[in-house]
Amino acid sequence: MKAYSRSDEENVRHQAMVRDWVSSGLLDATQGSVLQADLQVSLRRTNSALRAVLAFFTMVILFAAVSLTGIVLHVERDAGWIMLGLGGQFARYPPGSWCVARASIVVEWRRRWVPRRLIAGWSYWRYPVVGSSCVRRSPYCSGRRCGSLSRFRIPICRCGCDCAFGFVAICAESGLDFRTHSVSESFHAGVFRCPLREAALHR
Amino acid sequence: VESPSLVFDYVLYLGALAFGVLLGYLEFRFQVLKESWDNYLLLSACLYFFLAYRFDNRFVLSFALSTLAGWFGLSATRFGLIQYGAYRVPAIVYAIVIALVGTGLFQSRLKPHFLRTYLHVAANVLFVALLSGVGKNLAGMGYLIALVILSGLVIYGGFRFQEFSFAGYATIYGYIGVSIRLLRGVPDERSVMAYFIVSGIFVIAFIAWLAVKAAGKK
């Protein structure tokens, strides 16, 4: 059930990533604005307070609709109410999708934020472990800040070293699209060289 | 003075809460102030205001405002200004007072970013006070009219100044108030549920329309 184009949805996600990078000091404001200029979309995100109000009234409608159906059908057993509740959960998607398609302002209105948050929380705990296992195993790994890379969702260098920090900044300065140039491809193309890797190769 | 970190903010908030618990225990154990125990609330509120302004902490400011609200209501009862348990009028007065104080401090540029906290507390207290009167038999209609007018003004102001959380409060409190009055004495459950479905759809359409209009003006 996609209401927007893939590129629009990716750009909205990348805008959030760039904001994270600027706020965490990985990019300066000028670099951030260069990247943000490339990520413009015609969609506009609804304010979180308004989304909370919309969610509240959606719940009111859903509860009332399920209750009304149960009353009309004279549902008396608990199992019947549970089935009705589950049916109501599925029934809300068509009108939700219709509303989203009608008004592009309500981007992310029906986004499944709970699974997204769960996955984000999981990856936050998972990547430090992966990063830690990378420390000193690879000759290119500096062993510094590997784990913190995932927190800022920066494209991670295969060896896990923090050269990827510079990668995004260099993309911003040189006008490259960080979405289409992966770190490892850029190594091979000679666009970006990890100083640690270079030092290891010349050793 | 800017707050050093979020952790510090929470530690300060926890300290403020612990201070309140300590005062409660002291009065329970030793009965120092006895009947005039509401002065503890005033003392706590003063301390919390100092901490909020000293450490730039909006959590503690909201705590100070709610503690002051408690003192306001209890003092009005103790001095015989109102009947015991009748807190609606003091709540309305309190909300207006803190909204004016917050605006005054904002205009004098003393921690102007605290204005939103003052207005959040004032709006919630005012809406709840008006809402609590809607169900009354005689005065209920007056409270409902006041609630609807206030909700309309706050929704307009919320969209005008891009403060959407206030528009959200006004929508929800206004809806609850109107629903309480309309559904009084309606015995049929089907009619009640149908009302919630139809009115909910109207409110969502209204909010979406306002949001699209607000986005168009940006």
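This is a predicted model: local features need pLDDT of at least 70, side-chain atom pairs count only at pLDDT 80 or more; totals for chains, interfaces and linings use all residues.

Trainee: Where in chain B is Asp56(B) found?

Mentor: Asp56(B) sits in the loop between α2 (38–55) and α3 (58–78) of chain B. Its backbone is worth a look too: phi of Asp56(B) is near 55°, a positive value in a residue other than glycine.

Trainee: Which side chain does the side chain of Asp56(B) meet in a salt bridge?

Mentor: That of Lys111(B), with 3.2 Å from N to O. The two side chains also make a polar contact, at 3.2 Å.

Trainee: Is Lys111(B) buried or exposed?

Mentor: Lys111(B) is buried, because its relative accessible area is 15% and the cut-off is under 20%.

Trainee: Why can side chains like these pair?

Mentor: Side chains of opposite charge can pair when their charged atoms come close.

Trainee: How many salt bridges are there over all chains?

Mentor: The count is two over all chains. Besides the Asp56(B) and Lys111(B) pair, the side chains of Arg116(B) and Glu163(B) meet in a salt bridge, at 2.9 Å from N to O.

Trainee: Where do Arg116(B) and Glu163(B) sit?

Mentor: Arg116(B) is in helix α5 of chain B, and Glu163(B) is in the loop between α6 (140–160) and α7 of chain B. They are 47 residues apart, so to speak a link between distant parts of the chain. Arg116(B) is partly exposed, with a relative accessible area of 45%. Glu163(B) is partly exposed as well, at 22%.

Trainee: Changing topic to the nonpolar side. How many residues does the largest nonpolar core have?

Mentor: The largest nonpolar core has 61 residues. Among those with the most contacts inside it are Phe49(B), Leu61(B), Tyr118(B) and Phe159(B). Helix α5 (residues 115–134) of chain B gives the most to this core, with 10 residues.

Trainee: What is Phe159(B) in contact with, leaving aside its neighbours within four places in sequence?

Mentor: Its contacts include Leu50(A) from chain A, and Phe164(B), Ala167(B) and Leu210(B) from chain B.

Trainee: Which residues does the second core include?

Mentor: That core is separate and has five residues, among them Met17(A), Val18(A), Leu35(A) and Leu39(A).

Trainee: Now the interface. How many residues does the contact take from each chain?

Mentor: The contact takes 22 residues from chain B and 21 from chain A. Together the chains bury about 2000 Å² between them, and 88% of that is on carbon and sulfur atoms.

Trainee: Which three residues of chain B supply more of its buried area than any other three?

Mentor: Arg190(B), Met193(B) and Ile204(B), which supply 29% of the area that chain B buries against chain A.

Trainee: Which elements give two or more residues to the chain B side?

Mentor: Those are α7 (164–182) and α8 (189–217) of chain B. α8(B) gives the most, with 14 residues. The residues on that side divide into 15 nonpolar, four polar and three charged.

Trainee: Last one: how many helices and strands does chain A have?

Mentor: Chain A has 10 helices and zero strands. Buried residues make up 36% of its 203 residues. Of the contacts in chain A with a separation of 6 or more, 53% come from residues 24 or more positions apart.

Methods:
Residues are numbered from 1 along each chain as its sequence is written. Chains are lettered from A and ligands numbered from 1 in the order in which they are written. Side-chain values use heavy atoms; hydrogens and water are left out. A nonpolar core is a set of buried Ala, Val, Leu, Ile, Met, Phe, Trp, Tyr and Cys residues joined through side-chain atoms within 4.5 Å. Buried means under 20% relative accessible area, exposed over 50%, partly exposed in between (1.4 Å probe, protein chains only). Helices (H or I, at least four residues) and strands (E, at least two) are DSSP runs, numbered from the N terminus. Contact means heavy atoms within 4.5 Å. Buried area is the accessible area (1.4 Å probe) that two parts lose on being put together, summed over both. Ala, Val, Leu, Ile, Met, Phe, Trp, Tyr, Cys and Pro count as nonpolar, Asp, Glu, Lys and Arg as charged, and the others, Gly among them, as polar. A polar contact is a pair of N or O atoms within 3.5 Å; within protein, one must be able to donate a hydrogen and the other to accept it, and residues adjacent in sequence count only if both atoms are side-chain atoms. A salt bridge is a side-chain nitrogen of Lys or Arg within 4 Å of a carboxyl oxygen of Asp or Glu.
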